[in-house]
Structure formats: C-alpha cells, structure tokens
Amino acid sequence: MLRAGDIRYRGHIVRIEIESVGKRYRADAWALREVTLTLGTGVIGLLGPNGAGKSSLMNILATITRPTTGRVLVDGVDSTRTPDVMRRVLGYLPQDFGVYPSLSAREFLRYLAAVKGVPAKPAERRIEELLDLLNLTHAADRPLGGYSGGMRQRVGIAQALLNDPAVLIVDEPTVGLDPEERLRFRHLITDLSGDRVVILSTHIVSDLEATASRIALIEQGRLLRVDTPEALMQGAEGRVWDWLVPVDALPEVRQRHRIASTLRRSDGIQVRVIAERAPSPDAVARSASLEDAYLVAKGLAAAAPA
C-alpha cells in the first residue's frame with residue numbers, strides 16, 4: 001500500500017499572500033475584515049468558532065467568491081483578477097462535500113478527473129494510486145450511497161488530490177467522523193504536507209494540535225494572532241487556573257471570569273479559568289492547552305483599544 005508521502009506535488013512550491021482581505025455580504029455584515037497572512041509549505045490551521053469567517057476565507061482562496069476588499073496573490077499573481085492561477089494548482093475539499101450516490105468511487109473519480117481536465121490515461125493511474133493510498137481499493141466499485149461518513153471523506157480527499165495540487169484546502173474535514181477515522185485523517189494530512197501548502201479550517205482544536213505547523217486564530221472575521229502551536233501555548237502560560245468551587249457558586253463564577261471548561265466532581269465543580277491572576281487563593285496554575293491559548297488571545301483582543 002502507498003504512503004501519503006509517495007503522492008507528491010511535482011511542480012514548484014507555491015507562495016500565497018493574503019493582503020487586507022475583507023468580505024461583506026450586506027451593507028453592515030462583514031464576514032472578514034483586514035485579514036493579512038502569508039502561506040507557504042506545510043499545514044496552516046485556521047482556528048475559530050462557527051461563524052468566525054473561516055469558510056468565507058476558504059471560499060475566497062478557492063476562488064469561489066471574490067473579496068470585497070484586498071487581494072490574494074499566488075506567486076505574485078492576483079488570483080482575484082486571474083482565478084486560473086489558483087485553480088490550476090488547487091485541490092479543495094469543502095465542508096459539505098457531495099457525491100453521486102449511485103456511482104462507485106472509481107466512477108466518481110473518473111468523472112471528476114474529466115471535469116478537472118486530467119487526461120484519461122494519467123487519470124487512471126492517479127485514481128488507482130489514490131484508492132490505494134486512502135484504503136478504498138476494496139470498496140472502489142461499490143455505490144457511494146452505501147459508504148460511511150469516514151469513507152466519503154476519504155473519497156473527498158481523493159478528488160482533491162486528482163490534479164496533484166500544490167495547494168490543498170480542507171474545510172472542517174473531521175466533523176462527524178469517529179475517533180479512528182479522525183486519527184487516520186490527521187496522519188494523512190501530516191504526510192501530504194511535505195511539499196504542499198495545506199490550509200486546514202476547523203473548530204476542533206485537537207485536529208490542529210496534531211497536524212498544524214502554524215495556526216491562525218480567527219474571531220468575528222478578524223485575525224487575532226498567527227504563530228506555532230508551541231508559541232501560542234507558551235504565550236498563555238500563567239493565565240490558566242484550575243479552581244474547585246461549590247455547585248451553587250458556579251453561576252457567579254461564570255459572570256466574573258472567563259471559563260474554559262467545567263468538570264463536575266463529588267466535592268464541587270472544577271472550573272478552568274482564563275485570568276491574568278489567580279481568581280482565588282485556592283486556584284492552582286496549570287499548563288496551557290491550545291484551546292486555552294485561543295481563549296487568551298480572544299480575551300487580549302477584546303481588551304485592546306479599538
């Protein structure tokens with residue numbers, strides 16, 4: 001069986017520059033505001049809650065929609081004016097990936113290879129490589145309507161890799177997958193990132209902890225911070241506390257403090273608090289997780305002068 005590292009992009013390495021990109025859907029509804037970011041080889045994770053603007057940014061990068069302000073440069077060429085410069089090197093797995101349920105995986109991939117303009121003979125070789133890589137060969141001739149969610153996601157990755165892309169965009173790829181499928185997907189993304197730009201959008205923190213070399217934190221359409229997972233967590237050190245409180249005190253604690261999580265125990269509620277100083281003499285400092293780091297960055301951004 002092939003390894004993901006054997007399926008490699010054979011062109012030059014692409015550089016993507018996102019310059020002051022904004023997206024407005026109505027007069028007063030901005031999905032993105034002034035996003036500036038440079039992307040190179042490896043996995044860049046876009047982390048934020050649902051509605052933060054991640055999918056809007058993905059759609060702009062994939063040339064599905066145009067930005068209201070700003071531009072995206074691919075190796076110095078403006079893809080908002082010349083979308084083919086991105087489309088030639090792009091593989092895209094959207095959040096809502098649809099299939100034709102009556103087609104088999106092999107038939108579906110042949111159809112999409114033709115749509116992407118991949119010649120027939122190279123397409124056949126590529127399809128067999130990808131079916132092998134994604135552990136789908138045994139089910140390649142079964143109708144897609146009978147596939148599990150995880151198997152459909154693997155077909156989605158296969159179609160995104162058909163044209164051997166230099167840029168791979170995947171939007172919320174592990175939603176609905178069981179833990180084993182999620183783990184398999186993380187390994188695959190890591191292996192594929194060696195000589196590609198991989199842009200992974202998710203609100204599932206553990207997906208990025210396992211795969212991303214850099215993480216862009218997004219909140220309400222704005223870029224809060226971009227850094228390595230290690231640097232983000234280091235920046236949150238000294239601001240994370242565990243505190244055991246009585247059950248009846250929890251509502252007041254929620255009002256006064258930013259709470260990352262709660263855990264019910266026999267002797268009360270253990271709350272994980274994000275704060276500049278200990279919320280109580282009983283609170284215990286803890287090492288920061290990536291989720292803690294996101295909450296710290298969000299709080300710092302909210303406290304910064306407008």
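Modeller: Gladly! Buried means under 20% relative accessible area, exposed means over 50%, and partly exposed is in between. Keep in mind that this is a predicted model.

Biologist: What makes Asp207 count as buried or exposed?

Modeller: Asp207 has a relative accessible area of 2%. The cut-off for buried is under 20%, so Asp207 is buried.

Biologist: And why is Arg182 called buried?

Modeller: Its relative accessible area is 19%, and buried means under 20%, so Arg182 is buried as well.

Biologist: How do you know that the side chains of Asp207 and Arg182 meet in a salt bridge?

Modeller: A salt bridge needs a side-chain nitrogen of Lys or Arg within 4 Å of a carboxyl oxygen of Asp or Glu. For Asp207 and Arg182 the N to O distance is 3.9 Å, so the pair qualifies. This pair links distant parts of the chain, with Asp207 in helix H7 (residues 205-211) and Arg182 in helix H6, 25 residues apart.

Biologist: What about the side chains of Arg256 and Glu252?

Modeller: They meet in a salt bridge too, at 3.7 Å from N to O. Both residues lie in helix H9 (residues 250-256), four residues apart, about one turn of the helix. An α-helix has 3.6 residues a turn, so residues three or four places apart point the same way.

Biologist: Why is strand E7 called mostly covered?

Modeller: Five of the five residues in E7 (residues 167-171) are buried. Val167, Ile169 and Asp171 point one way, while Leu168 and Val170 point the other way. In a regular strand the side chains alternate between the two faces of the sheet.

Biologist: How do you know that E7 pairs with strand E8?

Modeller: Pairing takes at least two bridges, and five bridges join E7 to E8 (residues 197-202), so these parallel strands pair. Asp171 stands opposite Ser201 in E8. The chain crosses from E7 through H6 (residues 179-192) to E8 in a right-handed β-α-β crossover.

Methods. Residues numbered from 1 in each chain as written. Predicted model: local features only at pLDDT ≥ 70, side-chain atom pairs only at ≥ 80, totals over all residues. Heavy atoms only, no water. Buried < 20%, exposed > 50% of the residue type's maximum accessible area, 1.4 Å probe, protein only. Helix = DSSP H or I, 4+ residues; strand = E, 2+ residues; numbered from the N terminus. Right-handed = clockwise from strand over helix to strand, strands pointing away.
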